[in-house]
Amino acid sequence: MKKFIQDDFLLQTDYAKELYHNFAKNQPIIDFHSHLPVNEIAENKNFANLTKIWIQGDHYKWRAMRALGIEEKYITGNATDEEKFQKWAETVPYSLRNPLYHWTHLELSRYFGIDELLDAKSASDIYRDCNKQLENPDFSSQNLIRRMNVEVVCTTDDPLDDLRYHSQLAESDYSVNVLPTFRPDGLIDIEKVDFIDYLNTLSKITGIEITDFDSLKEVIRKRVDYFHENGCRLSDHGLSHAHGVEYTEDQVNTILSLRLGEKSISKKEVAIYKTAILNILGQLYHEKNWVMQLHLGPIRNTNKAILKKVGIDAGVDSIGDYQHAEQLASLLNQLNMKGSLPKTILYNSNPSDNEVFATMAGNFTGEGIKSKVQFGAAWWFLDQKQGIENQLNTLSNIGLLSCSVGMLTDSRSLLSFPRHEYFRRVLCNMLGNDLKEGLLPNDIEWIGKIVEDITYNNAKTFFQFPNAVKNS
C-alpha cells in the first residue's frame, strides 16, 4: 500500500508545497503551552514500552476507545500494557476523520520511521519495533524533544511547586529551554472544598500566614517572584468563564474572612473574589512582562463515575455554552484602566465563540506590541484540521493573522510535537489555496515571511523568554 503520510501531506497546491517546505518546515518550535511532566524531562527518562509513552495519560485516545465500546480495563484499568496497545490499535482504523488518525500516523512516522498503518493486524509488529527503538538512549525524553527541533518548552505548574526539576534542567547542558508556567487555579477557586488546605500550604511555603486579602496578595507576589526567578514568563488560567464584576477590597476581605472561617459564601461573592484575584494577578503579570493565558469554556469532569474511578483529566470533559463577552470585556478593561493589562492570549473551547474572542482581542491592542491580546490557536476539541482552519479564518477576517503567535501542543505526551507540523501544513495549505485562487498576490517571498513569523518569529518576540537558546 502507498504510504499515507507523504512529504506533501495536506498540501493541495504547488504554492502550499513551496510555503511549507521552504518557509515553515524547518522553523524551530516554541511550545509555549504544554502539560509535559517536567520530572520525566529532567530525569531524561527512557520508557519501558510504547503504551507507557503514548497511551498512558492520553485522554484523547481514551475517549476514542470508550466510544468504540472498549472495556475500561483496557483503557485505564489493569490490563497489560501490550493488551492496552492492542486495543488502541484496533481503535485507530475506526478513528478516520478524527484528528487522532492523522496524529497517530504522523507520530509513528516522525519518531519511529514507521509508515505502515496501525490496525489490529499490524499492532504486534509495530509494538515490538517501537519498544526495541525505545531501548536506545536516542529515545530518552530529552532526545525525543530535541529531535523535533524544539527550542522552548513551557510546562504547566502549580504555585505550590518548588520547581526543582526546572532548576535542574536550567543548570544542565540540555539545549532545550524548559520553563515553568504559573497555573494558579487553586488559589482562585475559593468555592472548592480544598481551598483552605491549599492556602495553608501556600502559607507554609512562603512563611506568611494568610489572614486577610493583604497577606494573600503578599503570598501571591512572593510566588510570582519565585517563578520569575526560575524563568517563568507565562501564566495560565483554566476557567469556565472570565470574571469581571465590580468590587472593593473591603468586600474581598469580608468574603475571604468568611471562607477562612469555613462559612458559606454566595455565587456573587465567589465572582467578586475571583475578579479581585484575577486583577491582582494581572497586575503582577504586567509588572513582570509575562503573558497571561486564559483558557475559557469547558465543562470538566462530567462523568462522576469515571472521575471517581480514574481521577481528573480522564477524558470526560466537554465544550461548555457559557456567555463570555460581558465578563471577559470587563476583566480586560479593569486591568487596562489600571494601566496593568498584560500581554494576553484568549482561547475558547466552543467554536461558536470564535468571533467573540477574535473581536475581544482586537479591543485591547497598541502600545508598540503586535496584537497585545491574541486570539489563541484552536484549542482542545477544536485542535483539528477544520477547527484550525476556522480559527485562522476568523482571525484573518477580524484581526491580523500575520501577528499570530501560532501553535502549541497543550499535551501530556512527549510524542505530540508533530502537532506543530500539522498546524503548519494546514496554514500553508490555506495560504496556498488563496494564492491559487488569486486572493493573494503571487509574492511567495512575502507570504513566506508571514509564514515564518506565524510559526516562529512572532512567538519569539512576544514571549521574550530568557536564554531562548542555550549553548548555541
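This is a predicted model: local features need pLDDT of at least 70, side-chain atom pairs count only at pLDDT 80 or more; totals for chains, interfaces and linings use all residues.

**Stop 1: the largest pocket**

Select R183, D185, D189, K192 and R300: of the 49 lining residues, these are the closest to the centre of the largest pocket. Its volume is about 1,500 Å³, taken as the space filled by probe spheres set on grid points that are joined across faces, edges and corners. A pocket here is an open set of points on a 1 Å grid over the protein atoms alone, with protein on both sides within 12 Å along at least five of seven lines; a cavity is a set where a 1.4 Å probe fits but cannot get out, and lining residues have an atom within 4 Å of a point.

Now colour the elements around it. Those that each supply at least two lining residues include α4 (59–67), α9 (164–170), α10 (185–188), β4 (234–239) and α14 (267–288). Helices (H or I, at least four residues) and strands (E, at least two) are DSSP runs, numbered from the N terminus.

**Stop 2: along α14**

Stay on α14 and pick T275, which sits in this helix. T275 counts as buried because its relative accessibility is 0%; buried means under 20% relative accessible area, exposed over 50%, and partly exposed in between (1.4 Å probe, protein chains only). Show what surrounds T275: beyond residues up to four places away in sequence, it touches H243, G244, V245, Y247 and Q334, with contact meaning heavy atoms within 4.5 Å. A polar atom of the T275 side chain lies 3.2 Å from the backbone nitrogen of V245.

Next, select K288, also placed in α14. K288 has 19% relative accessibility, so it counts as buried. Its side chain makes a polar contact of 2.7 Å with that of D225. Such a contact is a pair of N or O atoms within 3.5 Å; within protein, one must be able to donate a hydrogen and the other to accept it, and residues adjacent in sequence count only if both atoms are side-chain atoms. Leaving aside neighbours within four places in sequence, K288 is in contact with V224 and H228 as well as D225.

Then step to N289, in the loop between α14 and β5 (291–296). What is the phi of N289? It is near 60°, a positive value in a residue other than glycine. N289 is partly exposed, because its relative accessibility is 34%.

**Stop 3**

Move to Y20, K25, R110, M148 and E421, which lie nearest the centre of the second largest pocket among its 23 lining residues. This one holds about 360 Å³ of space. Which helix gives the most to its lining? That is α19, with 5 residues, while α1 (14–24) and α6 (99–112) each supply at least two.

Select α6 by itself. Its 14 residues reach 19 Å from first C-alpha to last, close to the 20 Å expected at 1.5 Å a residue; the expected span is 1.5 Å times one less than the number of residues. Of those 14 residues, 13 are buried. At the start of α6, a side-chain oxygen of N98 comes within 2.8 Å of the backbone nitrogen of L100. Just after α6, G113 has a positive phi of about 65°.

**Stop 3: the largest cavity**

Finish inside. There are 5 cavities of 30 Å³ or more in the whole structure, and the largest has a volume of about 60 Å³. Its lining includes I29, I30, F32, H420, F423 and R424. β1 (29–31), α19 and α20 (444–463) each supply at least two lining residues. By class, the lining has 8 nonpolar, 3 polar and 1 charged residues.

Methods:
Residues are numbered from 1 along each chain as its sequence is written. Side-chain values use heavy atoms; hydrogens and water are left out. Ala, Val, Leu, Ile, Met, Phe, Trp, Tyr, Cys and Pro count as nonpolar, Asp, Glu, Lys and Arg as charged, and the others, Gly among them, as polar.
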